Each structure stands twice: as C-alpha cells, then as structure tokens.
Amino acid sequence: MNFELSVLSIVGLALVVAGVISFAMSPLVKSFAYKVGAIDVPKDARRMHKTPIPRLGGLAIFLGFMVSILLFADMTDQLKGILLGAVVIVILGVVDDITPLPAKLKFCVQILAALIPAFHGVVVQAVTNPNLFSPNPYWVLGGLSIPMTVIWIVAITNAVNLIDGLDGLAIGVSAISATTVLVIALLVSEGQVAILMAALVGACVGFMPYNLNPAKMFMGDTGATFLGFILACISIQGLFKFYAVISFAVPFLILGLPIFDTAFAMTRRILKGQSPMVADRGHIHHRLIDMGLNQKQAVATLYVISAILGLSAVVLTTSGEVRAIICFLALCVVALVAWRVVFHIEKPLQQPEETDQSSED
C-alpha cells in the first residue's frame, strides 16, 4: 500500500483527538442532560434499564468528530454539505431527546438534512447492475441520483437509530462500520475519507466507556442519527464512487446489520397490519435476549456479526483468488445466525438484570 507517512500520521492524530475530546466532553454533556431534562425514564417493556439515565451523549460524539475534522480534513464543498446536514440532524436529535417530537416531523427534517449534502455533490451516481448477463456492468441513475441519495441517507440514519437498543450496541456497530471504511480507504489511498472515518472511530471509542454496560449515559437520538447520517454520507462519497463492480455490495455489507434489522422490523410490522413506524420488542437484540443471552453476550454477538460483514467488505476490495470463498463462508455464518434469531419463538429464559440502552424506535 503506497501511502505517505504524513497522511497516516494525520489519520492517527484525527482518531486520537476525536477520542480525547469525546471522552473529555462526556461528563459535561451528562451534567447538561440533567439540567435540560434529557433523561430516559423506563416506562415500557422495551426499556430494560431500571433507573433514569441521561441521553444526550451524542453531543460528545458530535463535538469530538467536528473538532477533529476542522483540524485535519480539507474543507471541500462535499464535506461542507455533509457537516451542514449533520448539524441539522444533531439539532433535531437534541430537541427530540429533550422533548419527543412527532415521527412525521422528524422524518421531514431528516429529508431536508439529506438534501443538503446531495446538493453539494454527495450523490449516488451509479449502482451495480444486478443482471449478471447484461453487457452494462452498472446503472447510471441520472435524474434519480438525488432521490436515491436521499432515500439511502434517511434509511441508514434511521437504521442505526433502530439498533440503539442495548448498552454499547449502536456505538460499537458504528465504530466497526467506520473502521471497515477506514481500512478500505487506506487500501485504495483515499486520504480524506480515511481522515473522516478515523475521526468518527475516535469519537465513538471516546464515548464507549460511558455507554458500555452498565451504561452511565445514552447517546440518544442525537448520537444514533448522527452516526447513521455520517456513515450514510461517507459510504456514498467514499465507496459508491470508487467501485464499478462492487459499489453496491460493499456499503450494504458494511452496514448490513442495521439494514437487515430495519428491513426485518418493517416487514414484520406490515405483515401484522401495523404501521412500520410502530415501536415493538422484536428487534434482533431483543430476540437474542429472549434466546437466553444476557445483554453483554447479545452485544458481543452482534459485534461479531458486524465484524464478519466488515471483513467480507474488505476482502471484496482486495485481490486474491480465495476472496470469493472467504466472503461466501462469512456470509453463510451471518445468514445462519440471522436465521436462528429471526425464527426463534421461544419465551425468554431469564430476565435481564443489567442496565440497558433504551430504544427510541
């Protein structure tokens, strides 16, 4: 890998600075959350924690990321659009964490936030042609570029928020996804994408001590939607544009866990005759708990699944005759675990005892 040492140094600094600031700001954000009443009070079966816990931790993640980006990244038009959209998402999240907002209003604001980077050049211009027998290896979206971009960004933003149901789950999965994009960016010598992802990884790692079980603070919608928004935008800017054959597969592998959980949740609710926006206790992490795992075991299991998907994405970006076999075996493992979770219908074997992250979905 031909990569200048100076760029690698900047990537390392971006990660460390974001982590330090995120960690240092967490106690201040926690105090602020208590002052403004951003507290998650357990009030239904989906919330497994027993005591009120502050939920504005996403602000610490956002601050760590922003400071690092402002210090180390080149401020291109595309990056300006991503950061402006992220600010809108964070403001929406802060308000929602303090005073819950209607789902339709949040959805409209998310669309507005997604349009900002789209009109700054962050667009999905082409996707892989699923027809393997077609002479055209990919589809050029043309006038559908902006609508498809908005759908992707809003979908991933909400997908990450939907898996925010156990202590450390969404933050860990996001960190694994960001690390995967970071590795791919280093492999293909995309320095700016690597810096952005290093800052995101650092911001996640800095907040983890406060969010791992038993959690001292939740990141709330502020953090979960921010992480989803950034991952969605960078997957467009850093992945969809660089691969003609695997552009469609790589982002979907990296974000496979939240995408699967969201698709499964929407399908499950529609088949029951419910609105897809109605919250329930049927997500993957809930089912793992119902299968007898405790919270830490469930989170660790989902970390492993996310890491396997990330490894598969990295394998697809490298040369080697065995990459298809490795990717296939990895996906078989993930499919087996997913099948076990989806079709398990036994009653809970035990009640969780540790404090847990609440889900806002």
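Contact here means heavy atoms within 4.5 Å. Keep that in mind for the helix pair I will come to. One caution before the details: this is a predicted model.

First, the overall picture. The protein has 361 residues, and 53% of them count as buried. Its secondary structure comes to 13 helices and four strands.

Next, helices α6 and α7. Helix α6 covers residues 169-187. Helix α7 covers residues 191-211. Two packed helices are described by the angle between their axes and the distance between the axes. For α6 and α7, the angle is about 155 degrees and the axes are 8 Å apart. Angles over 145 degrees count as roughly antiparallel, so α6 is roughly antiparallel to α7. The crossing of α6 past α7 is left-handed.

Which residues of α6 and α7 meet? From α6 we have I171, G172, S174, A175, A178, T179, V181, L182, A185 and L186. Facing them from α7 are V193, A194, M197, A198, L200, V201, C204, F207, M208 and N211.

Stay on α6 for one more residue. V173 is found in this helix. Is V173 buried or exposed? Its relative accessibility is 2%, so V173 counts as buried. Leave out residues up to four places away in sequence, and V173 touches I163, L257, P258, Y303 and S306. Take Y303 from that list. V173 and Y303 are 130 residues apart along the chain, yet their C-alpha atoms are separated by 6.1 Å.

Now the core. The largest nonpolar core holds 91 residues. Which members touch the most other members? They are F65, M197, L200, F226, L227 and I230. Helix α7 gives this core its largest share, 14 residues.

On to the rings. A pair of aromatic rings is described by the distance of the centres and the angle of the planes. The count comes to four aromatic pairs. One of them is F62 with F226: edge-to-face, 5.5 Å centre to centre, 90 degrees between the planes. F62 lies in helix α2, residues 58-72, and F226 in helix α8, residues 220-240, so this pair ties together parts that are 164 residues apart in sequence. F62 counts as buried, at 11% relative accessibility. F226 counts as buried too, at 0%.

F226 also pairs with F65. That pair is edge-to-face, at 5.5 Å centre to centre, with 70 degrees between the planes. F65 lies in α2 and F226 in α8, so here the tied parts are 161 residues apart in sequence. F65 has a relative accessibility of 2% and counts as buried.

Ring pairs link F62, F65 and F226 into a cluster. Two of these names, F65 and F226, are also among the core members that touch the most others.

To recap: α6 packs against α7, α7 gives the largest share of the core, and F62, F65 and F226 form the ring cluster.

Technical notes:
Residues are numbered from 1 along each chain as its sequence is written. This is a predicted model: local features need pLDDT of at least 70, side-chain atom pairs count only at pLDDT 80 or more; totals for chains, interfaces and linings use all residues. Side-chain values use heavy atoms; hydrogens and water are left out. A nonpolar core is a set of buried Ala, Val, Leu, Ile, Met, Phe, Trp, Tyr and Cys residues joined through side-chain atoms within 4.5 Å. Buried means under 20% relative accessible area, exposed over 50%, partly exposed in between (1.4 Å probe, protein chains only). Helices (H or I, at least four residues) and strands (E, at least two) are DSSP runs, numbered from the N terminus. Rings of Phe, Tyr and Trp (its six-membered ring) pair if their centres lie within 6.5 Å; planes under 30 degrees apart count as stacked, over 60 as edge-to-face and the rest as tilted. Axes are lines fitted to C-alpha atoms, for helices over the stretch in contact, and angles run from 0 to 180 degrees between N-to-C directions. Angles under 35 degrees count as roughly parallel, over 145 as roughly antiparallel, 65 to 115 as roughly perpendicular and the rest as oblique. A crossing is left-handed if the near helix is turned anticlockwise from the far one by less than a right angle, and right-handed if clockwise.
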